[in-house]
Amino acid sequence: MSFVQRSSNVRQRRQQHLLDVKVRSRRATQHRIRSAMGVLWKMVLLVALCGAGYAGAREAARRLFFENLDYQVKTIELQTDGTLQREQVLKAADLHEGANIFSVNLASVRDRIQQLPQADEVEVVRKLPGEIDIRIVERKPVAWITSETEINDPFASDAAFLVGARGVLMKQKKLLPEYLGLPLIVGCSSESLEAGKTVESPEAKTALELLRLTESSFLQTRFQIRRNRYFKNYCLLVTDKNRSRVMFALNDLEEQLHRLQVFLDYCDNTKQELETLNLVAQRNIPVTFTSPAAAVINDTLEPAVEPRIMKAIPVRAPEARVHQDSGTQQDGSSAPKSRGASAPVHKAIRNQQKKSD
């Protein structure tokens with residue numbers, strides 16, 4: 001009898017233990033659910049408060065700033081150092097008076113103005129309560145460029161474009177008188193010319209580089225380029241203000257300009273005018289000089305009855321003695337003086353250097 005009671009008591013204790021475990025597990029689950037719901041409600045409340053704050057701030061900004069008549073654009077100040085017109089700039093910038101000053105995206109306005117071919121540097125500043133300042137540094141044209149082989153008046157030609165130092169093509173609505181004196185680059189038929197486009201052909205880039213080198217060096221006053229005609233993959237034929245024609249290769253411009261300086265110095269010393277010069281050749285550079293004005297006038301007033309046939313004779317300059325460090329002496333010869341003649345370039349250069357010493 002006692003055994004049966006003990007077994008029943010053990011069974012009852014086990015059942016009570018299982019019930020107690022189930023009750024505690026259910027309570028823990030309910031507690032976790034209540035905690036999660038509390039966190040969720042807090043997050044919802046926080047989001048609601050943030051949304052309400054954002055909406056309130058946006059509404060306040062709209063009423064205080066974006067719809068406030070005190071912040072309307074009343075003045076658009078434009079400063080430019082070139083020929084850009086006010087209407088042209090405002091149209092490109094999509095900017096007009098009366099707009100809200102805070103609704104104007106300054107970066108977008110600057111980028112739209114920068115797309116104008118004439119605009120090089122652009123600065124846009126907002127000044128409260130109602131002023132926007134625009135400052136533009138325009139590209140300075142350095143030459144005319146055209147695909148035509150010959151052109152007389154670039155002002156009146158639709159095929160002629162102004163080109164800046166970086167190769168950007170421009171079409172100016174207002175042409176200034178100083179544009180008439182700009183050099184002319186002709187024969188650019190290897191690419192299509194359009195306003196706002198940048199020239200890509202090696203010949204055009206070489207022509208612009210030659211202009212830059214001559215304007216930034218001592219040759220600016222002695223060799224001023226007026227016409228620059230280039231031949232694709234071959235050379236540049238340059239005509240200066242004195243109608244001298246010089247042919248340049250498309251590479252090593254600085255060395256060619258140094259050789260040109262030697263010939264110009266020779267012309268100054270011998271009182272001659274350079275007519276043609278071929279710098280493409282590395283040796284035996286072909287060079288010709290213009291005939292004296294008196295000879296041209298005499299031939300015009302008293303032309304020969306019969307053509308004169310003259311025998312070519314070598315022309316030598318007076319001997320120049322140069323003392324070397326070793327004590328030896330060396331005779332030099334000058335460049336040819338007759339028109340159409342050619343002489344070894346190295347001899348002419350050495351003779352000129354000896355004279356200068």
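This is a predicted model: local features need pLDDT of at least 70, side-chain atom pairs count only at pLDDT 80 or more; totals for chains, interfaces and linings use all residues.

**Entry 1: a pair of strands**

I began with A143, which stands opposite V163 in β5. The strands here are DSSP runs of E with at least two residues, the helices are runs of H or I with at least four residues, and both are numbered from the N terminus.

Residues are numbered from 1 along each chain as its sequence is written, and side-chain values use heavy atoms, with hydrogens and water left out.

**Entry 2: the whole protein**

I counted seven helices and 14 strands in the protein. How much of the protein is buried? Of its 357 residues, 33% are, where buried means under 20% relative accessible area, exposed means over 50%, and partly exposed lies in between (1.4 Å probe, protein chains only). I also looked at contacts, meaning heavy atoms within 4.5 Å. Among contacts with a separation of 6 or more, 53% are between residues 24 or more positions apart.

**Entry 3: the open sheet**

I traced an open sheet of nine strands with mixed pairing, in the order β6-β5-β4-β7-β8-β9-β10-β11-β12. Which strands stand at the edges? They are β6 (169–170) and β12 (287–289); each has a single partner strand, so one side of each has no neighbour in the sheet.

**Entry 4: β9 and its cysteine**

I then followed β9, which is largely enclosed by the rest of the structure because five of its six residues are buried. β9 runs antiparallel to β8, with six bridges, and antiparallel to β10, with five bridges. C235 in β9 stands opposite F231, and its bridge partner in β10 is A249. β9 and β10 form a hairpin with four residues between them.

Does C235 count as buried or exposed? C235 is buried, at 0% relative accessibility, while C50 is partly exposed, at 47%. I checked for disulfides, taken as pairs of cysteine sulfur atoms within 2.5 Å, and the count came to zero.

**Entry 5: helices across the sheet**

I looked at α4 (residues 202–215) next: its 14 residues reach 20 Å from first C-alpha to last, close to the 20 Å expected at 1.5 Å a residue. That expected span is 1.5 Å times one less than the number of residues. The buried residues of α4 include A204, L208 and L211. α4 lies across β4, β5, β7 (184–186), β8 (225–231), β9 (235–240) and β10 (245–249), at about 155° to β8. For such angles, axes are lines fitted to C-alpha atoms (for helices, over the stretch in contact), and the angles run from 0 to 180 degrees between N-to-C directions.

α5 (residues 253–270) lies across β10, β11 (274–278) and β12, at about 155° to β10.

**Entry 6: the cores**

A nonpolar core is a set of buried Ala, Val, Leu, Ile, Met, Phe, Trp, Tyr and Cys residues joined through side-chain atoms within 4.5 Å. The largest one has 37 residues, and those with the most contacts inside it are I145, F223, F248, L260, L274 and L277. α5 gives the largest share of this core, seven residues. Leaving aside neighbours within four places in sequence, I found F248 in contact with residues including L210, F223, C235 and L260.

Apart from this core lies another of 20 residues, L90 among them. L90 is also one of the buried residues of α2 (residues 86–93), and those buried residues pack against β1 (75–80), α3 (106–114) and β3 (131–138).

Most residues other than glycine have a negative phi, and most peptide bonds are trans. I noted these exceptions.

- R243, in the loop between β9 and β10, has a positive phi of about 65° and is exposed, at 68%.
- L128 and P129 are joined by a cis peptide bond, with omega about 5°; P129 is in the loop between β2 (119–127) and β3.

Key: Two strands pair if DSSP finds at least two bridges between them.
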